Amino acid sequence: MQKGLFITFEGADGSGKTTQLNLIKNYLEEKGFEVVITREPGALDIGQKIRNILLHHEGIVADRCEMFLFLADRAQHVETFIKPAINQGKIVLCDRHTDSTIAYQGYGRGQNISLLTELNKIAVNGLIPDLTLLYDVAADVAQLRVGNEKDRMESAGIEFHKKVRNGYLELQKNEPERIKLINANNSIETVFEDTKNIIIKLLEHGEGV
Ligand code: TYD
């Protein structure tokens, strides 16, 4: 059986990446591919508990505690869910992954980025996305889309979210082969066309599937 593909969806809260992930899932399934969707943090049982702390804990969460919790969730997710699915030949669409940690805990919270990069490597144990889609939207527009019911991360303030956005753009500049930039200010239909075109190219030229 051939190896599947691993595609990650990244961007600000409110960038519309989850909508696109679901549209692409339907599109790929109509084309006959076997697709699974998943997310970080919190795809699995242990992850659900970690997610609850990360997004809803009411007391103080130290920055390094937050960092290790995201990484712990990732290690479990990769080992018990993502790798087996790829090995079964599936296309795995993952809502957030390693780049979120660099953008949020690194650029956003100010944790050391090269250290985070190393910790990410430990968490994923050799797994690298075949493709990462970065949905870019101005921080204030994204915050408006999120609305008033914000979780712990979404409530971190506009300055934090501006840093996160710039962090993502920096990552994309450093790894343009893997990370493809998508203008998420456009309509859902236009963003979907852009997403589809990038994925079609990967399916034509990529090594998986
Ligand atoms: P979620 O509700 O899944 O947000 P979204 O639908 O926007 O993906 O919440 C995940 C939050 O956790 C989001 O604010 C980004 C943040 N996050 C990090 O700070 N670091 C990470 O490594 C990951 C995976 C997510």
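I looked up Y104 and Y168, and both are buried. A caveat before I go on: this is a predicted model. My search for aromatic pairs gave 4 in the structure. Y104 and Y168 make one of these pairs, edge-to-face, with 6.3 Å centre to centre and 85° between the planes. I then checked where the two sit: Y104 is in helix 4 and Y168 in helix 7, 64 residues apart, so I have this down as a link between distant parts of the chain.

**Ligand shell**

Which residues come closest to the ligand? I get D13, K17, R96, T101 and Q105, out of 15 residues that surround the ligand. By class, the shell splits into 7 charged, 5 nonpolar and 3 polar residues.

I also sorted the shell by helix. Helix 2 (45-56), helix 3 (63-87) and helix 4 (98-108) each put in at least two residues. Helix 4 has the largest share, with 4 residues.

Then the polar distances to ligand oxygens. For T101, a polar side-chain atom lies 2.5 Å from an oxygen atom of the ligand. D13 has a polar side-chain atom 2.7 Å from a ligand oxygen. For R74, I noted 3.1 Å between an N or O atom of the side chain and an oxygen atom of the ligand. How much of the ligand's accessible area does the protein cover? The answer is 90% of the 550 Å² that the ligand has on its own.

**Charged pairs**

A search of the whole structure turned up 16 salt bridges. I went through a few of them.

D99 and R178 came next, with their side chains meeting in a salt bridge at 2.8 Å, N to O. Again distant parts of the chain are linked: D99 is in helix 4 and R178 in the loop between helix 7 (158-174) and strand 5 (179-183), 79 residues apart. D99 is buried, with a relative accessible area of 4%, and R178 is buried at 11%.

For a local pair I took E170 and K173, which both lie in helix 7, 3 residues apart, about one turn of the helix. Their salt bridge has its closest N and O atoms 3.9 Å apart. K173 has 60% relative accessibility, so K173 counts as exposed. E170, at 33%, counts as partly exposed.

One more entry on charges. Salt bridges that share partners join D63, E66, R109 and R152 into one network.

**Coming back to helix 4**

Looking back over the page, I see helix 4 in several entries. Helix 4 gives 4 residues to the ligand shell, holds D99 of the pair with R178, and carries Y104 of the ring pair with Y168.

Methods: Residues numbered from 1 in each chain as written. Predicted model: local features only at pLDDT ≥ 70, side-chain atom pairs only at ≥ 80, totals over all residues. Heavy atoms only, no water. Near = heavy atom within 4 Å. Polar contact = N/O pair within 3.5 Å; in protein donor to acceptor, adjacent residues only side chain to side chain. Areas by Shrake-Rupley, 256 points an atom, 1.4 Å probe, with all protein chains shown as cover. Nonpolar A, V, L, I, M, F, W, Y, C, P; charged D, E, K, R; others polar. Salt bridge = Lys/Arg side-chain N within 4 Å of Asp/Glu carboxyl O. Buried < 20%, exposed > 50% of the residue type's maximum accessible area, 1.4 Å probe, protein only. Phe/Tyr/Trp six-rings, centres within 6.5 Å; stacked < 30°, edge-to-face > 60°.
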